[in-house]
Amino acid sequence: MKRQQERAEYRSIIADSWNRCIGYGLHHDHEPEPANLDDQERDALEQDYEALLSTTETEVLPYYNNIMSNSRCLILLTDSEAQVLKGWGDRRITESHLRPWFSTGASWHERHAGTNAIGTSIATRSPIQVQRNEHFLKLNRSIISSAAPIFDTDRTLVGVLSAFSDAYLPQAHTLGMVRLLSQSVENRLIVRQLGGDHFILTLNTTADNIDSPWSGLIAFDQSGRVIASNQRADQLLGEPLSGRNLSSLFIENRNLILNHSHNTPIQLTTTQRVRLSGLLKRPVSVSPAVTKPSRAVPRSKSPEPTRSGVSLEEIEHGDPLVRRCADQACKVLERGVPILICGETGVGKEVMVKALHGTCGRRGQPLVSVNCAAIPPELVESELFGYEAGAFTGARAQGSLGLIRKADKGILFLDEIGEMPLAAQSRLLRVLQEREVTPVGSTESIPVDILLVSATNRPLSDRIDSGEFRADLYYRINGLCLELPPLRARLDRAELIRRIYQEHRDDGQPDSLNPEVIAALENHPWPGNIRQLVNIIRVAVAIADGEDVQLWHLPEDFLAEYEGRREAEQKPVFDASSFSESPQANDNSSKDTMSQTLVVYRQCMGNVSRAARELAVSRNTLYKRLRDLGVR
């Protein structure tokens, strides 16, 4: 369904472009006159765009020389009006009559060249790929082009980067490369214009891919006010960031971020409860100790568990189902069996993987986490499989390895694997079968030795039925399927609350919460599970500011739900007076059914799937009964 919607939107974009071309008075046989700039005009144009040109050459040329040198591909940089500033690569990709349109000064605006990747990207302000027959002018129907806009620090369109390919590379990958390059140029513009006087915070879903060109970038001043951000940062945080303050974006204290070491990753949680990894670069004029620390300083510990600091004993405190999952996973992982972890968002799937990594025989090797839902679809293959072995130096060389090769000898954790694009699924299946990786743009296969753990919060069977996930890949990754219970069904909930509070409390606060707060936390339904619990406790500790945590220190929305539940829960689950004495109304079988449901659910230790099978009912029916019982 999602793919059908995307195709419909794409067809609409092309149709709208054709309508604009008709409005410009173009017809399919139109042949515009190419530009013919003299040397003086060409020099003036290049001088006007010196910053954009030099920044692009720094990003584009190394990438082209190492990745696309084996393919017939041409890259063009244009200004915001679709006028060509410079080109790199193979100009022999098409007929000779089109070559003047790849020269400096040529215009690819829709009013001149009809529907094309550059002009249509400018019109839509978004990346686009135009196939041969989708071009409005017959003149251009021998080419396939991809383009992505470039925005400066003020989000003003300053140029477009495009690639014309002979289809040697996969077309989706060509568009992904263009997006990657345009993002690199935007990042360079932000650092070049603002890095000298402002803090630069690089963000991504994990520390393993924080040096990727598609990382989010935020520039802010000493007060924490955001001066500029790239599109990726806005996407990661779910809103435009310009003018916002760090204190309204992250749960972490602003001073904690400003004083963090410039060469070590920092774990951050957004106010929308999204976990990110960051890397801070401070301006030369600001020393690390410039900011005043807050009065209530947390004890020296990382806000999130590090991959080497989690043990299997820490992930459960008396819940038999979680313990069984951990024991089984530990045994089969050592034998190389792939593991698929299921469960709702926030139940601790990633923490479980970190605990397994810290316990198994590969604890000294890398654990590489990949959030498949957070990587732009066109870039998944490049990020997973790498660009070409040994093509780059420094940080770029590390990025070119690909995340699978980074996990060699260790564990690869694919979170939200159900969101992986189909093209990448096919290549991943081949890697898992042959234990070899072929980087994009290369013919050389490189052996890899990885243990695979995958996770999903959505039933993969549904995505298989809809054609969005390969059945053969599902059976390849599903050696052992574990379903972690939601927090509301865990039997160690009270101890879990106590441990999390102890981890995040300030020095001087009591070792335990008062009974009223514990009761409120224990009886909450926790739709966000453990992740939500951690954030609620951290907020309460911060608001308490060194004092004892009281009920009113909990967030307002949490308290409102708590008060509403207290009123609703005044009547018992089974109220004998609510049953009539008449045989018709007194449904003893109904009460027996509910009692049996509760007994079986407890015997299955909160495993919904297993309990539903034992009761011979659907999961939805069981969920409804449990809600009626007040269990879920």
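Predicted model: local features only at pLDDT ≥ 70, side-chain atom pairs only at ≥ 80, totals over all residues.
Four cavities of 30 Å³ or more turn up in the count. The second largest cavity holds about 40 Å³ of space. Around that space sit Y501, L513, V517, L521, I536, I537, A540, V541, V549 and L554. Sorted by kind, the lining has 10 nonpolar residues, with no polar and no charged ones, and that settles the opening question.

Where do these residues come from? Two elements, α20 (515–522) and α21 (529–544), each give two or more residues to the lining of the second largest cavity. Helix α21 supplies the largest share, four residues.

## Where α11 meets α12

Elsewhere in the chain, a pair of helices is worth a look. Helix α11 covers residues 320–333 and helix α12 covers residues 349–359. The two pack with their axes 10 Å apart, at an angle of about 50°. Because of that angle, α11 counts as oblique to α12. As for handedness, the crossing of α11 and α12 is right-handed.

Which residues make the contact? From α11 come V322, C325, A326, A329, C330 and L333, while α12 brings M352, L356 and T359. In the contact of α11 with α12, eight residues are nonpolar, one is polar and none is charged.

Definitions and conventions:
Residues numbered from 1 in each chain as written. Heavy atoms only, no water. 1 Å grid on protein atoms, 1.4 Å probe; cavity = no way out; pocket = protein on both sides within 12 Å on 5 of 7 lines; lining within 4 Å. Points joined across faces, edges and corners; volume = space filled by probe spheres on them. Nonpolar A, V, L, I, M, F, W, Y, C, P; charged D, E, K, R; others polar. Axes fitted to C-alpha atoms, helices over the stretch in contact; angles between N-to-C directions. Parallel < 35°, antiparallel > 145°, perpendicular 65-115°, else oblique. Left-handed = near helix turned anticlockwise from the far one by under 90°. Contact = heavy atoms within 4.5 Å.
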